[in-house]
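Please consult the sequence and the coordinates shown here.

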Amino acid sequence: MALDTLEKNTGENGDIAHELVSIARLVTYARNSAKELELEFPTYCLDLALGSLVEEISKRGVDGAEGTGEGDYVPSFISGASH
């Protein structure tokens, strides 16, 4: 289902943001797994995907959309950590 269609169906950005955070958690797990396996190209691609997700989540107004500063995108709302 296209994101535009999903957005029209949910009616609120909060619902979309929740879905994006769930996807970001999945991509984070896949990225970390690829990094542990030393798979450079998949890690790079997943970094790009995660960066785009974090950017979109930030646009939707979810707090905590900053990286760790080490090149690893693991915002607190994605990793499940609380402030």
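Q: What joins the side chains of Glu56 and Arg60?
A: In this predicted model, the side chains of Glu56 and Arg60 meet in a salt bridge, at 3.1 Å from N to O. The term requires a side-chain nitrogen of Lys or Arg within 4 Å of a carboxyl oxygen of Asp or Glu. Side chains of opposite charge can pair when their charged atoms come close.

Q: On what basis are the residues and atoms counted?
A: Residues are numbered from 1 along each chain as its sequence is written, and side-chain values use heavy atoms, leaving out hydrogens and water. As the model is predicted, local features need pLDDT of at least 70 and side-chain atom pairs count only at pLDDT 80 or more, whereas totals for chains, interfaces and linings use all residues.

Q: What makes Lys59 and Glu55 a salt bridge, and why are they about one helical turn apart?
A: Their side chains meet at 4.0 Å, N to O, as a salt bridge. Lys59 and Glu55 are about one helical turn apart because they lie four residues apart in helix α3. Lys59 counts as exposed because its relative accessibility is 60%, while Glu55, at 48%, counts as partly exposed.

Q: Which salt bridge does Arg31 form, and where do its partners lie?
A: Arg31 pairs with Asp47, and their closest N and O atoms are 2.2 Å apart. The pair links distant parts of the chain, with Arg31 in helix α2 and Asp47 in helix α3 (residues 40-59), 16 residues apart. Both Arg31 and Asp47 are buried. By the rule for this term, the count comes to three salt bridges.

Q: How many helices and strands does the chain have?
A: There are four helices and zero strands. Both are DSSP runs numbered from the N terminus: helices are H or I with at least four residues, strands E with at least two.

Q: Which residues make up the largest nonpolar core?
A: The nine residues are Ile16, Leu20, Val21, Ala24, Val27, Leu50, Leu53, Val54 and Ile57. The largest share of this core, five residues, comes from α2. A nonpolar core is a set of buried Ala, Val, Leu, Ile, Met, Phe, Trp, Tyr and Cys residues joined through side-chain atoms within 4.5 Å.

Q: What does Leu53 touch beyond four places in sequence?
A: Leu53 touches Leu20, Ile23, Ala24 and Val27; a contact means heavy atoms within 4.5 Å.

Q: Where is confidence lowest and where highest?
A: By pLDDT, the predictor's confidence in each residue from 0 to 100, helix α1 (residues 3-10) is lowest at a mean of 51, and α3 highest at 95. The chain averages 75, with 57% of the residues scoring at least 70. Over residues 65-70 pLDDT stays under 50. Where pLDDT is low, the predicted coordinates should not be read in detail.

Technical notes: Buried means under 20% relative accessible area, exposed over 50%, partly exposed in between (1.4 Å probe, protein chains only).
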